Amino acid sequence: MPTRPPTRCAEPRCTTLVPQGRCEEHKPIPWAGRDDKAARYGISSGRWRTLKRIVTNRDNGCCYRCGIGQPDAEDDPDGEHQHQLDHITPIGEGGAVEDLDNLGLICEPCHTVKSKAEAARANRARRRRTRA
């Protein structure tokens, strides 16, 4: 199967060759400027923390996809590898924002896989809408 030749990075004046788009240095940061839960979901960060605490207690700190437990505070003192609170059914696909049945803890590797799958589904749906 032939592959297309590399092209220059899409950033002006960058000469790095890439398969497509931008080089690693110029790739945009995902969710940049959208880290504010109030802006994204319409709920305060305090309410988000409360929901996370409730779901953590309910799920015993385990990822709802793979079942791995959350690292202990002494193993992760800066909290960098703690599980994230995630909408099981994305808001854009009809999931409820604050419904505890739609919230679960998810580990970083599972979150990455799930987010990529959701993005692919959204892109397919967007392409179907533009064709129709």
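Two strands pair if DSSP finds at least two bridges between them, and strands themselves are DSSP runs (E, at least two residues), numbered from the N terminus like the helices (H or I, at least four residues). The views below show a predicted model, in which local features need pLDDT of at least 70, side-chain atom pairs count only at pLDDT 80 or more, and totals for chains, interfaces and linings use all residues. Residues are numbered from 1 along each chain as its sequence is written, and side-chain values use heavy atoms, with hydrogens and water left out.

**View 1. Strand 3 meets strand 4.** Here strand 3 (residues 84-87) runs antiparallel to strand 4, and four bridges join them. Look for H87, whose bridge partner in strand 4 is L103.

**View 2. The two faces of strand 4.** Along residues 103-106, L103 and L105 point one way, while G104 and I106 point the other way. All four are buried, meaning under 20% relative accessible area with a 1.4 Å probe, counting protein chains only.

View 3. You will find N102 in the loop between strand 3 and strand 4. Why does N102 count as buried? Because its relative accessibility is 6%. Its side chain reaches the backbone nitrogen of T89 at 2.7 Å, a polar contact (a pair of N or O atoms within 3.5 Å, where one must be able to donate a hydrogen and the other to accept it; residues adjacent in sequence count only if both atoms are side-chain atoms). Leaving aside residues up to four places away in sequence, N102 touches D86, H87, I88, T89, G95 and A96, with contact meaning heavy atoms within 4.5 Å.

How values were computed: Buried means under 20% relative accessible area, exposed over 50%, partly exposed in between (1.4 Å probe, protein chains only).
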